[in-house]
Amino acid sequence: MNINFSKLTAAGNDFILIDNRENIIAQEDCQALAKKLCDRKYSIGADGLILLEKSACKDFKMKYFNSDGSYASMCGNGGRSIAKFAYDLCVANLKMVFETDAGVINAEILPEDRVRLDLYNPRDLKKDIKVEVNGKEFDVNFINTGVPHVVIFVDDIENIDVFGYGRAIRRHKTFAPAGTNVNFVKVIKDNTLLVRTYERGVEDETLACGTGITASGIISVLKGFAASPVKVIARGGDKLSVSLRNPNDKISNVVLEGPALITFKGTVKIQSEV
Ligand SMILES: N[C@@H](CCC[C@H](N)C(=O)O)C(=O)O
């Protein structure tokens, strides 16, 4: 079977997007297909596979799978990408509303390949947990912005071992069984953060993680390190912003704004045994 896809990048977090409104991909095949298509050596290559599906009450529904095939209820960079993809497919207008398993999102396509997402409220905030890994103790903050995130403030963001510490914290018993994404953050001048993320499901550092950048922005405001709107520079150099109303422990009206663009379109042949 030949399947049409679009490849999108959102701050260097890259995705394969497929229109699955007609259920061309069966639910039981999604995880194996994600693993196969996201392989950077033997297939298209991406950090994740995103399916656009029918919704009973909104413009569409987003389904997200990491490159290792694992399912995730949300992806911030993927959310901006699917908004762009839906507009390109004429499934949605410039302003749209879509479902994810983390909550409903209002999105708007902005000029210059930028997209704004009005997110649902985050949950499970826990500040200042002590976690020891690889002989080092970290002061970590946890929040679920659609998927679980740890936020750690560091002085030397260039030299922190994102892979080593990120992987160990991702697997630490404190965050079992789901695990967590791990963000290392440095606050620089003018309400600006540098963020590096070890992503669960990619099992490596990615060039950006939208829900991680959102988590980093929220925790920075709650700790008084920055004021909303917070500017964020992702690992790949792209600029995003996170704003929130109610900068207290009942955070609401969280908005993530950043780039998303279609890099190419193609057709891929899927063997029936995926
Ligand atoms: N890259 C995403 C997050 C994707 C899901 C994550 N890897 C998980 O499994 O929790 C983003 O931009 O938010």
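Before we start, a word on the model: it is predicted, with local features needing pLDDT of at least 70 and side-chain atom pairs counting only at pLDDT 80 or more, while totals for chains, interfaces and linings use all residues. Residues are numbered from 1 along each chain as its sequence is written, and side-chain values use heavy atoms, with hydrogens and water left out.

**Exercise 1. Describe how domain 1 and domain 2 meet.**

Step 1. Look at the contact (heavy atoms within 4.5 Å). Domain 1 contributes 17 residues and domain 2 contributes 16 residues.

Step 2. Turn to the area. The size of an interface is often given as the accessible area lost when the parts come together. Here buried area is the accessible area (1.4 Å probe) that two parts lose on being put together, summed over both. Between domain 1 and domain 2 this is about 1,100 Å², and carbon and sulfur atoms give 50% of that.

Step 3. Check for salt bridges, where a side-chain nitrogen of Lys or Arg is within 4 Å of a carboxyl oxygen of Asp or Glu. Between domain 1 and domain 2 the count is zero.

**Exercise 2. Find the cavities and say what lines the largest cavity.**

Step 1. On a 1 Å grid over the protein atoms alone, a cavity is a set of points where a 1.4 Å probe fits but cannot get out; a pocket is an open set with protein on both sides within 12 Å along at least five of seven lines; lining residues have an atom within 4 Å of a point. Grid points are joined across faces, edges and corners, and a volume is the space filled by probe spheres set on the points.

Step 2. Searching the whole structure gives two cavities of 30 Å³ or more.

Step 3. The largest cavity has a volume of about 100 Å³. Its lining includes Tyr64, Met74, Val147, Glu199 and Arg200.

Step 4. Where does the largest cavity lie? Both domain 1 and domain 2 give residues to its lining, so the largest cavity lies between them.

Step 5. Sort by class: Ala, Val, Leu, Ile, Met, Phe, Trp, Tyr, Cys and Pro count as nonpolar, Asp, Glu, Lys and Arg as charged, and the others, Gly among them, as polar. The lining of the largest cavity then has six nonpolar, three polar and two charged residues.

Step 6. The second largest cavity holds about 40 Å³. Among the residues lining the second largest cavity are Leu119, Tyr120 and Val254, and the classes there are five nonpolar, three polar and no charged.

**Exercise 3. Which element gives the most to the lining of the largest pocket?**

Step 1. The largest pocket has a volume of about 160 Å³, and its lining includes Asn2, Phe5, Asp19, Phe85 and Lys265.

Step 2. Strand 1 (2-10) and helix 2 (76-88) are the elements that give two or more residues to this lining. Helices (H or I, at least four residues) and strands (E, at least two) are DSSP runs, numbered from the N terminus.

Step 3. Strand 1 gives the most, with five residues.

**Exercise 4. Locate the cis peptide bonds at Pro177 and Pro229.**

Step 1. Ala176 and Pro177 are joined by a cis bond with omega about 0°; Pro177 sits in the loop between helix 3 (162-170) and strand 12 (181-188).

Step 2. Ser228 to Pro229 is also cis, omega being near 0°, and Pro229 belongs to the loop between helix 4 (210-222) and strand 15 (230-233).

Notes:
Domain bounds come from an automatic or database domain assignment.
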